[in-house]
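Reader: I would like to go through some of the labels attached to this model. Please set each one against its cut-off.

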Amino acid sequence: MSEFFKSAPVRAAMAEIQELQEDIMTGLAVNGMRNPQTPEEGLLHISKMRQLLEKQKNFMFRLSLEKDDEDAIEMKEQILESARFLGLQPNQNISEFFDTLTITLDNLESNLPD
């Protein structure tokens, strides 16, 4: 394990991201892709997605600062590849991509039924 990934804050951030991802995926597995039953249910799901997005954004920033750790650089590239699959455009800054995802969540939230 590289020094970057031995860091307690890095390991804690990764654990939080994984926990949120699992929570969101469990919700999808249980409820499927149906519309939320209540506005509160929809807001809760969007809130979890916002938390995940913010933690991913912070983690990606941390990875971007790492210039020497090969494992961190490799993980950054893997994340960028995943983001391309999700819509990151060629030459688009990852921060702009995160901003686009935030706008998408804003739109989802504003379209929740009352």
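Author: One cut-off comes up at once: a salt bridge needs a side-chain nitrogen of Lys or Arg within 4 Å of a carboxyl oxygen of Asp or Glu. The model is predicted.

Reader: Why is D69 said to have no salt bridge?

Author: The nearest side chain of opposite charge, K6, is 8.9 Å away. The limit is 4 Å, so D69 has no salt bridge.

Reader: What makes the pair D69 and S2 a polar contact?

Author: Their side chains are joined at 2.9 Å. The cut-off for a pair of N or O atoms is 3.5 Å, so the pair qualifies. Beyond four places in sequence, D69 touches S2, E3 and F4.

Reader: Why is F4 called buried?

Author: F4 has 9% relative accessibility. Buried means under 20%, so F4 counts as buried. F4 sits in helix α1 (residues 3–6). Outside its sequence neighbours within four places, F4 is in contact with several residues, among them F59, L63, D69 and A72.

Reader: Which helix gives the most to the lining of the largest pocket?

Author: That is α3, with 12 residues. The largest pocket holds about 1,400 Å³ of space. Its lining has 43 residues, and those closest to the centre are I24, H45, M49, L52 and L105. At least two lining residues come from each of α2 (8–31), α3, α4 and α5 (94–110).

How values were computed
Residues are numbered from 1 along each chain as its sequence is written. This is a predicted model: local features need pLDDT of at least 70, side-chain atom pairs count only at pLDDT 80 or more; totals for chains, interfaces and linings use all residues. Side-chain values use heavy atoms; hydrogens and water are left out. Buried means under 20% relative accessible area, exposed over 50%, partly exposed in between (1.4 Å probe, protein chains only). Lys and Arg count as positive and Asp and Glu as negative; His and the chain ends are not counted. A polar contact is a pair of N or O atoms within 3.5 Å; within protein, one must be able to donate a hydrogen and the other to accept it, and residues adjacent in sequence count only if both atoms are side-chain atoms. Contact means heavy atoms within 4.5 Å. On a 1 Å grid over the protein atoms alone, a cavity is a set of points where a 1.4 Å probe fits but cannot get out, and a pocket is an open set with protein on both sides within 12 Å along at least five of seven lines; lining residues have an atom within 4 Å of a point. Grid points are joined across faces, edges and corners, and a volume is the space filled by probe spheres set on the points. Helices (H or I, at least four residues) and strands (E, at least two) are DSSP runs, numbered from the N terminus.
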